[in-house]
Amino acid sequence: MSESTGGNAPRRVPLSRDRVLNGAVALASASGIGALTIRSLAQALGVKPMSLYHYVANKDELLDGVVDLVFSQIELPSTTGPWRDELYAWAHSARRVLARNSWAIALLESRATPGPATLRHHDRIIGVLREAGFPVALTAHAYALLDSYIYGFAIQESALPFNQSTAAPAVTAISRSFRDGDYPYLLELAAEHVLQPGYDFGDEFEFGLALILDGLAASIPWPDRESADSSPAV
């Protein structure tokens, strides 16, 4: 890769760890994580494979760095704002990042040597829950629930054989293969929901997230509840 220097010969952009990792993310986004190797990355960057080893010791370290870079793109919530609003914004940011990097979903929780952005991300979400009054065990349950929902939705969304503009034709084509009387509830759902104007599968994320946050809010134990319940009536 090179940059023009006016009328002079192109100037080669020097390698750096940031350039290596961003190049790896670009390659994985374009060709899938299976296409990412030291050799293929070197070719994409226009350098020799050996030159990359100054910045990543091996393929595992490259994947660690790529995962950390993806985590760094997710907007972190604040521990001082309303916890529900903060987690709502964080969940939507995570979904957007995963939509851009769907190849990375399976990698995000797989690394044994997480980087600073990964650790900062996890620590912040835990901090939001703890500052909101969630006990440690409930914090663990809540974080696992949120992660599984966000990651699971991102996987499902990336695997769908249609998008917002092609949903109606795709569903119509599938339903035409049904015999009369087959799958009546599927056809009802398609006719009364999926095939309605403005349908977008992504809108289901909002519904599920609201249910989860409602459930978590109802699970927070209030220390003064017992004493308040036992107070004499006035």
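1. Let me start with the second largest pocket, which holds about 150 Å³ of space. A pocket here is an open set of points on a 1 Å grid over the protein atoms alone, where a 1.4 Å probe fits, with protein on both sides within 12 Å along at least five of seven lines. Points are joined across faces, edges and corners, and the volume is the space filled by probe spheres set on them. This is a predicted model, in which local features need pLDDT of at least 70 and side-chain atom pairs count only at pLDDT 80 or more, while totals for chains, interfaces and linings use all residues. Residues are numbered from 1 along each chain as its sequence is written, and side-chain values use heavy atoms, with hydrogens and water left out.

2. Around that second pocket, the lining (residues with an atom within 4 Å of a point) includes Arg-17, Asp-18, Asp-64, Asp-68 and Pro-116. Two or more lining residues come from each of α1 (17-31) and α4 (59-72), and α4 gives the most, with five residues. Helices are DSSP runs (H or I, at least four residues), numbered from the N terminus.

3. By class, the second pocket's lining has three nonpolar, four polar and four charged residues. Nonpolar covers Ala, Val, Leu, Ile, Met, Phe, Trp, Tyr, Cys and Pro; charged covers Asp, Glu, Lys and Arg; the others, Gly among them, are polar.

4. Do look at the largest pocket too, with a volume of about 190 Å³. Its lining divides into nine nonpolar, one polar and no charged residues, including Phe-162, Ser-175, Phe-178 and Val-194. Helices α8 (167-175) and α9 (184-194) each supply at least two lining residues, and the largest share, five residues, is from α9.

5. How do α1 and α2 cross? The axes of α1 and α2 (residues 38-45) come within 10 Å and cross at roughly 105°, so the two helices are roughly perpendicular (65 to 115 degrees). Axes are lines fitted to C-alpha atoms over the stretch in contact, with angles from 0 to 180 degrees between N-to-C directions. In contact (heavy atoms within 4.5 Å) are Arg-19, Val-20, Gly-23, Ala-24 and Leu-27 of α1 with Ser-40, Leu-41 and Leu-45 of α2.

6. Finally, Thr-139 sits in helix α7 (residues 136-159). Thr-139 is buried, at 4% relative accessible area (buried means under 20%, with a 1.4 Å probe and protein chains only). Beyond its neighbours within four places in sequence, Thr-139 contacts Ile-126, Leu-129, Arg-130 and Phe-134.

Definitions and conventions. Angles under 35 degrees count as roughly parallel, over 145 as roughly antiparallel, 65 to 115 as roughly perpendicular and the rest as oblique. Buried means under 20% relative accessible area, exposed over 50%, partly exposed in between (1.4 Å probe, protein chains only).
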